[in-house]
Amino acid sequence: MTGPLPSRRRLLKGAALAALPSALLPTARAQAQARAVDYPLAEWRPASTSNYTGSNRPSTYPVRYVVVHVTQETYTSTLSIFGDPQKKVSAHYVVRSADGHIAQCVREADVAWHAGNWDYNTRSIGIEHEAWVDRPEYFTHALYEQSARLTASVCDRYGIPKDRAHIIGHHEVPGADHTDPGPYWDWVRYIRLVNFA
């Protein structure tokens, strides 16, 4: 063998990298996340498997609605709730108020438990928004804009009309006891943004 021998530090560094599972490497993590999300701009933050029903939509159930929710919690707390197997609740997406960042918590093929009505759960995509129904300052431009882009993408992929008959509030789900998204949610603005996204 000719040439300089590798340094001890270089050997140890190489051994450490070889010992890492490929799933922990940054490129492998990024690729795995890219495969996990249905909406490319979302971050994968999975809900507990105890909080949704595995399915194969739209083969098993047609997707006909987008249901708009308001969390009544912070973004971080909402993700924690969805991750807690005791809570028995989830939504497909959560949109952060400050910057419109989107987390996907349940695959669109699966049935999230968000509407309080099994029939609507099976036929809808649930989008939670970090806000409170009585605090309009949480309905930021970034939240509306990024949520509208997400909703437009969902509607395009499933052939859902971009109108108020198919993009509904949680309070409009039959049997719902919720009031979200509440009186400060600007439906005219939102539907306009969805249609121009």
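**Figure 1. Overall fold of the predicted model.** The secondary structure of the protein comprises six helices and eight strands, and the model shown is a predicted one. Along the sequence, these elements follow the pattern α-α-β-β-β-α-β-β-β-α-β-α-β-α. Of the 197 residues of the protein, 41% count as buried. The accessible surface comes to about 10,400 Å², and carbon and sulfur atoms account for 54% of this surface. Among contacts between residues at least 6 apart in sequence, 72% join residues at least 24 apart.

Figure 2. Six strands form an open sheet with mixed pairing, in the order S1-S5-S4-S7-S3-S8. Strand S1 (43-44) and strand S8 (167-169) are the edge strands, each pairing on one side only. Strands of a sheet pair through backbone hydrogen bonds, in either a parallel or an antiparallel manner.

**Figure 3. Pairing of strands S3 and S7, with helix H6.** Strand S3 (residues 65-70) and strand S7 (residues 124-129) run parallel and are joined by six bridges. Tyrosine 65 has serine 124 in S7 as its bridge partner. Helix H6 (residues 187-196) packs on the sheet, where it touches S3, S7 and S8. The direction of helix H6 makes about 150° with that of S8.

**Figure 4. Helix H3 across the sheet.** Helix H3 (residues 75-83) lies across S1, strand S4 (93-95), strand S5 (102-104) and S7. Helix H3 runs at about 165° to S4.

**Figure 5. Salt bridge between arginine 96 and aspartate 99.** The structure holds eight salt bridges. Side chains of opposite charge can pair when their charged atoms come close. In one of the salt bridges, the side chains of arginine 96 and aspartate 99 meet at 2.8 Å, N to O. Arginine 96 is partly exposed, with a relative accessible area of 25%, and aspartate 99 is also partly exposed, at 40%.

**Figure 6. Salt bridge between lysine 162 and aspartate 156.** The closest N and O atoms of lysine 162 and aspartate 156 are 2.9 Å apart in this salt bridge. Lysine 162 counts as partly exposed at 21% relative accessibility, whereas aspartate 156 counts as exposed at 53%.

**Figure 7. Salt bridge between glutamate 43 and arginine 45.** Glutamate 43 forms a salt bridge with arginine 45, with 4.0 Å between the closest N and O atoms. Glutamate 43 is partly exposed, with a relative accessible area of 26%. Arginine 45 is likewise partly exposed, with a relative accessible area of 35%.

Technical notes
Residues are numbered from 1 along each chain as its sequence is written. This is a predicted model: local features need pLDDT of at least 70, side-chain atom pairs count only at pLDDT 80 or more; totals for chains, interfaces and linings use all residues. Side-chain values use heavy atoms; hydrogens and water are left out. Buried means under 20% relative accessible area, exposed over 50%, partly exposed in between (1.4 Å probe, protein chains only). Helices (H or I, at least four residues) and strands (E, at least two) are DSSP runs, numbered from the N terminus. Contact means heavy atoms within 4.5 Å. Accessible areas come from the Shrake-Rupley method with a 1.4 Å probe; for residues, only the protein chains shown count as cover. Two strands pair if DSSP finds at least two bridges between them. Axes are lines fitted to C-alpha atoms, for helices over the stretch in contact, and angles run from 0 to 180 degrees between N-to-C directions.
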